[in-house]
Amino acid sequence: MIVINIINAVGLSNETPYGVMKFAQASEKFGLPRMITIQNSYSLLVRSDFESGLTEVCSPSNENVGLLAYSPLCGGILTGFSTMYMLETNFSTVILSSYLYYFMSGKYAREDCPKTSRLNLFEGLMPRYKQSIAQDAVKEYCDIATKHDLTPTELALAWCYKQKHVASTIIGATSIPQLRENLNSYGKIHVVDDEIIAEINDVYKRYRDPSRM
Amino acid sequence: MFPKGTAWGTCFVHVVLRREQISLRGGKSFLKCSVLHIPAISEEDQDQCPNLLQPAMITAPVVLLLMVSLFKVQGSRSSMSRTRSYVAKGFSNMKMMATPEMDYINLGSSDLSVSKVCLGTMTWGQQNTMAEGIEQLDVAFKEYGINFLDTAEMYPVPTKPETQGETDRVIAKWLKGRDRSKVIIASKVSGASERITWLPGRNGNGARVSKKDIMVSVEESLKRLGTDYIDLVQIHWPDRYVPLFGGAAYDQSLEREFYSFEEQLRAFDDLIKQGKVRHGTRISDIS
């Protein structure tokens, strides 16, 4: 028998530990449906919001709320392309970037990343990622990626895919090659070993909340 | 086409190869470009002589060639082969990488089994066309074993009255004729916003998360998606005040009245029960 409901389950998004707990209390008290997911921003650059309180609240042994991590690449900044850092690290990108800058107008050249990326398309949507401290953190994560033969995208995504408290990671792409890189990064979860995690955590110690304005 | 009087307007005219030790595979030599400032050709000059080329248009290709040759001559013995291997690796990554095997996980205590990677949709209808959205769905679901997608009533972003609902319509088109039970759809009821006054069924009022808003929002989402159920409905952001989207620290003075946690949950409870009623009538129809 197939049971068809209008909705099967309910969840939260952009919530705080207080909100998750209040919903959990109300569910218990009145015998109402439980919130089973929380969709919050979670990435190498935006860790502390979730990790400082929600990891405990949402743990399977506590309220059992699965994290659906959004913006795992911070609108593209964790791909490393937007930081100009790749100019220094990859010869083929030197050619590519200078060629791009050559053909782009001044408006483009002054920007830090391609005009079509979400960072630039939506004024004010994510200015927090453009500030220099976030860029510095990205450079450090790019270093770790290159050292271990990963692209920055692969590192950022595989790290997120692998986190125990992440139920599912929401990826977004505007082109098929981007989408494929995001999906192929799932094959790298075994590459992100304890050594890499330790290196990442070392950077995290210095950049707790680099996107905070 | 070229900026006037900026460093970029002059483009690269000075290229040096610098061996730089960076923490990259034990330290290697890398190409470093530096930019020398030469004033760009002014608009007046260009008016007088329309065929005049900006310095950048001449120097950039030359410099590119120069960079390549310098790299060849001065690079360490393995630099070119390393470059080749970089390129080859890039290609192999793109073309020959085996499709990774997907894992699945149950959400919370539910029996919804979703892929560890969820397909986001918020660009479809804004940055991506319907055809592109459908192609993304095909690639993710057919090739990579994804079974989970996430949309919202206000998508695509940035939310606008002209485009609101477009993302759902892309999904609806793709869903048609597909086995619905193989797809886990997550959507969202918008949180409180005075600015967003164009959501359907709200009579031009701003978005809230009252019981009525939740019921209307889900009904409208079902219509747009062309399906009779949504697997997971999320509250996009809280009805009460919280610092949102990387905003400042919590500010007590911004606290406001909000629909209770209980009221919001009761709305979802009703939606789940309604579905069961609907299901009941179906069974009796069949028998």
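Salt bridges come first: a search of the whole structure finds 21 of them over all chains. The model is predicted.

**A pair in chain A**
- The side chains of E28(A) and R34(A) form a salt bridge, at 3.6 Å from N to O.
- E28(A) is exposed, with a relative accessible area of 58%.
- R34(A) is partly exposed, at 32% relative accessibility.

**A pair within one helix of chain B**
- D138(B) and K142(B) meet through their side chains in a salt bridge of 3.7 Å, N to O.
- Both residues sit in helix α5 (residues 130-144) of chain B, and because they are four residues apart there, about one helical turn separates them.
- D138(B) counts as partly exposed, at 21% relative accessibility.
- K142(B) is exposed, and its relative accessible area is 60%.

**A pair between two helices of chain B**
- R224(B) and D168(B) also join their side chains in a salt bridge, at 3.0 Å from N to O.
- R224(B) belongs to helix α7 (residues 211-225) and D168(B) to helix α6 (residues 166-175), so this pair ties together parts of chain B that are 56 residues apart in sequence.
- R224(B) and D168(B) are both buried.
- Elsewhere, in chain A, salt bridges with shared partners link E28(A), R34(A) and E63(A) into one network.

**Chain B as a whole**
- Chain B has eight helices and eight strands.
- It has 287 residues, and 47% of them count as buried.
- Among contacts in chain B with a separation of 6 or more, 64% come from residues 24 or more positions apart.
- The accessible surface of chain B is about 14,500 Å², and carbon and sulfur atoms account for 55% of that surface.

Technical notes: Residues numbered from 1 in each chain as written. Chains lettered and ligands numbered in written order. Predicted model: local features only at pLDDT ≥ 70, side-chain atom pairs only at ≥ 80, totals over all residues. Heavy atoms only, no water. Buried < 20%, exposed > 50% of the residue type's maximum accessible area, 1.4 Å probe, protein only. Contact = heavy atoms within 4.5 Å. Areas by Shrake-Rupley, 256 points an atom, 1.4 Å probe, with all protein chains shown as cover. Salt bridge = Lys/Arg side-chain N within 4 Å of Asp/Glu carboxyl O.
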